[in-house]
Amino acid sequence: MVFFDLDDTLYDHRTASRAALRALREEHPSLRRRSLEWLYATYATALETGHRRLMAGRTTPAASRAGRMVEVFGAAGEEISAREAVRRSAIYHAVYRANERAVPGAAGLLGSLRRRHRIGIVSNNRTREQRGKLGRIGLAPYIDLLVTSEMTGCSKPDPRIFAYALRAAGVSAPHAVMVGDSWVADVRGALAAGVGAVWFNRDRRPLPEPVDVGCVERWRPTERAATTIEGRLAGPNPS
Ligand SMILES: [Mg+2]
């Protein structure tokens with residue numbers, strides 16, 4: 001069983017988010033005073049905070065999206081009304097949607113792995129949203145199992161979400177591998193649950209700690225990426 005994270009592992013959130021922020025930046029002088037990198041980092045932090053509140057049931061998806069605009073523009077020194085936050089978040093959302101795509105090489109990799117393994121997603125997000133993304137970028141046909149923090153009530157790196165995924169897949173930890181871009185959520189989380197890990201290190205960052213993991217920087221060439229992932233599996237599940 002090969003488990004993947006979705007955002008920025010298979011689904012190219014970063015590219016879509018940057019395109020959407022670039023569009024807002026063109027329209028609003030307060031954002032033009034800041035770099036796109038600052039904007040991306042500020043938005044990502046707001047997304048993370050909002051996600052935790054959303055998962056705790058303390059806000060709705062729409063309020064959360066608008067709240068991110070209040071937060072990001074506020075950080076750039078511009079106070080905006082609730083109505084303006086909704087309008088700006090709609091622009092962000094439209095440009096984001098127009099720029100959605102899979103991480104290059106992801107479909108080829110999944111196609112290759114799926115000849116030999118089942119594929120699952122373990123993601124910190126809402127189920128409906130993640131299902132929608134998989135469908136729109138054409139990866140849904142490769143996915144046998146989707147596990148989200150919304151379904152399980154716990155988020156990566158909590159080992160309970162990995163335990164849930166293993167149970168749902170009917171495999172033991174040594175017969176599964178987790179592949180993801182987040183060192184803490186995906187790599188540390190999987191290792192804490194006894195599952196081997198592959199770090200998708202797109203930015204070629206140094207290994208944060210000397211632990212035994214596989215590393216892949218690109219999904220192409222397919223065979224090289226597939227070999228690294230399969231190298232972390234103990235072998236076929238006896239069933
Ligand atoms: Mg991710």
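**Helix packing and buried faces**

Helix H3 (residues 36-55) and helix H4 (residues 61-75) pack at an angle of about 145°, and their axes lie 9 Å apart. Here axes are lines fitted to C-alpha atoms, for helices over the stretch in contact, and angles run from 0 to 180 degrees between N-to-C directions. The model is predicted: local features need pLDDT of at least 70, side-chain atom pairs count only at pLDDT 80 or more, and totals for chains, interfaces and linings use all residues. Residues are numbered from 1 along each chain as its sequence is written. Helices (H or I, at least four residues) and strands (E, at least two) are DSSP runs, numbered from the N terminus.

On the H3 side, the contact (C-beta atoms, placed from the backbone, within 7 Å) is made by residues including Thr42, Tyr43, Ala46 and Leu47. Among those that H4 contributes are Pro61, Ser64, Gly67 and Arg68.

Helix H6 (residues 106-113) has the buried residues Ala106, Leu109, Leu110 and Leu113. They lie on the same side of H6 because they cover an arc of only 95° around the axis, the arc being that of the directions from the helix axis to the C-beta atoms. A residue is buried if 20 or more other C-beta atoms, placed from the backbone, lie within 10 Å of its own, exposed if 12 or fewer, and partly exposed in between. Strand S1 (2-4), strand S2 (119-123) and helix H11 (222-230) pack against the buried residues of H6.

In helix H10 (residues 183-192), Ala185, Asp186, Val187, Gly189 and Ala190 are buried. Their cover includes helix H9 (159-169), strand S4 (177-180) and strand S5 (196-200). Just after H10, Gly194 adopts a positive phi of about 80°.

Technical notes: Contact = placed C-beta atoms within 7 Å.
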